[in-house]
Amino acid sequence: MARTGLRAALRFAVDAILPPLCPACGRPLTDDGAVCATCWSRLSFIARPYCERLGIPLPHDAAPGALSARAIAAPPAFGRARAAVLYDDVAGSLVHALKYGDRMEIAPMMGRWMTVAGAELTARADALVPVPLHWRRLFARRFNQAAALAAVMADLSGIPVLGAALTRVRPTPQQVGLTRAERAGNVQSAFRVPEAGRADVRGRRLIVVDDVMTTGATAESCARTLLRAGASNVDVIVFACVSGATVV
């Protein structure tokens, strides 16, 4: 689009005059596409022990392979989920900067962290499926942040992206501020595998890619849609997830 090209040109001109800024706090940086040392130290990277189904952190004394109470009480349709970091102020600022601030230069950094976090999933996967935007929101935003992250992961892992395997057929309100039940209802029947994409989905091991997972309602809806279309397995990799797990 001409508007997108103009914005890119303006951004290049500004970057030529001003130093790059940390996308989380705005401090000057020596290199673009990174975070400052302070924000880096405040990021909460996820490592074991975590729930083997949902990927959310567990207490340090949790046994290997432990599941969270949430995974036991309501097993997800997807097989496993992994996230690079916990969703907090810094992670939220990065997500917001990518999604709404046109800070596309941080997508490689975020996608690289996601690739590391989900290495055990990508090792057995056939393709990546970014969570789609409805065409109206895509037109307004000009790009899909999940697709941008999936493209980075594809370059690093060698796994192809199925950008047309899943479509959002119903425009859904923003999930922010909704309860778990409201989020689930919001995305119910919101996704569809188009007829032309069914051959790419059938019998394949897929990974749904998104920026944030809170209650998991969006990932759940995407997974169910892909499984009904014949996918043999669906996992999930996100940049950040909301914690709050109890070990069982």
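**Figure 1. Aromatic cluster of Trp40, Phe45, Trp113 and Phe239.** In this predicted model, Trp40, Phe45, Trp113 and Phe239 form one aromatic cluster. The structure as a whole holds four aromatic pairs. In one of them, the ring centres of tryptophan 113 and phenylalanine 239 are 6.1 Å apart and the ring planes meet at 20°, so the pair is classed as stacked; planes under 30 degrees apart fall in that class. Tryptophan 113 belongs to helix 5 (residues 107-117) and phenylalanine 239 to strand 6 (residues 233-241), so this pair ties together parts that are 126 residues apart in sequence. Both partners are shielded from solvent by the criterion applied: tryptophan 113 is buried, with a relative accessible area of 11%, and phenylalanine 239 is buried, at 0%.

**Figure 2. Salt bridge between arginine 82 and glutamate 52.** The structure holds 10 salt bridges. In the one shown here, the side chains of arginine 82 and glutamate 52 meet at 3.2 Å, N to O. Arginine 82 is part of strand 1 (residues 81-86), whereas glutamate 52 sits in the loop between helix 2 (37-42) and helix 3 (69-73); the contact therefore ties together parts that are 30 residues apart in sequence. Arginine 82 is buried, with a relative accessible area of 2%. Glutamate 52 also counts as buried, at 18% relative accessibility, because the limit for this class is under 20%.

**Figure 3. Salt bridge between arginine 82 and glutamate 120.** A further salt bridge of arginine 82 is formed with the side chain of glutamate 120, at 2.9 Å, N to O. Arginine 82 lies in strand 1 and glutamate 120 in helix 6 (residues 119-122), so the pair ties together parts that are 38 residues apart in sequence. Glutamate 120 counts as partly exposed, with 28% relative accessibility, whereas arginine 82 is buried.

**Figure 4. Salt bridge between lysine 99 and aspartate 211.** Side chains of opposite charge can pair when their charged atoms come close. Here the side chains of lysine 99 and aspartate 211 meet in a salt bridge at 3.1 Å, N to O. The lysine is located in helix 4 (residues 89-100) and the aspartate in strand 5 (residues 205-213), so the pair ties together parts that are 112 residues apart in sequence. Lysine 99 is buried, with a relative accessible area of 15%. Aspartate 211 is likewise buried, with a value of 4%. Elsewhere in the structure, salt bridges that share partners join Arg48, Glu52, Arg80, Arg82 and Glu120 into one network.

**Figure 5. Helix 11 and the glycine that follows.** Helix 11 comprises 12 residues (217-228). At 1.5 Å a residue, this helix should span 16 Å, and the distance of 17 Å between its end C-alpha atoms agrees with that expectation. Helix 11 is mostly covered, with nine of its 12 residues buried. The buried positions are Ala217, Thr218, Ala219, Glu220, Ser221, Cys222, Ala223, Thr225 and Leu226. Glycine 230 follows helix 11 and has a positive phi, near 110°.

Key. Residues are numbered from 1 along each chain as its sequence is written. This is a predicted model: local features need pLDDT of at least 70, side-chain atom pairs count only at pLDDT 80 or more; totals for chains, interfaces and linings use all residues. Side-chain values use heavy atoms; hydrogens and water are left out. Helices (H or I, at least four residues) and strands (E, at least two) are DSSP runs, numbered from the N terminus. The expected span of a helix is 1.5 Å times one less than its number of residues. Buried means under 20% relative accessible area, exposed over 50%, partly exposed in between (1.4 Å probe, protein chains only). A salt bridge is a side-chain nitrogen of Lys or Arg within 4 Å of a carboxyl oxygen of Asp or Glu. Rings of Phe, Tyr and Trp (its six-membered ring) pair if their centres lie within 6.5 Å; planes under 30 degrees apart count as stacked, over 60 as edge-to-face and the rest as tilted.
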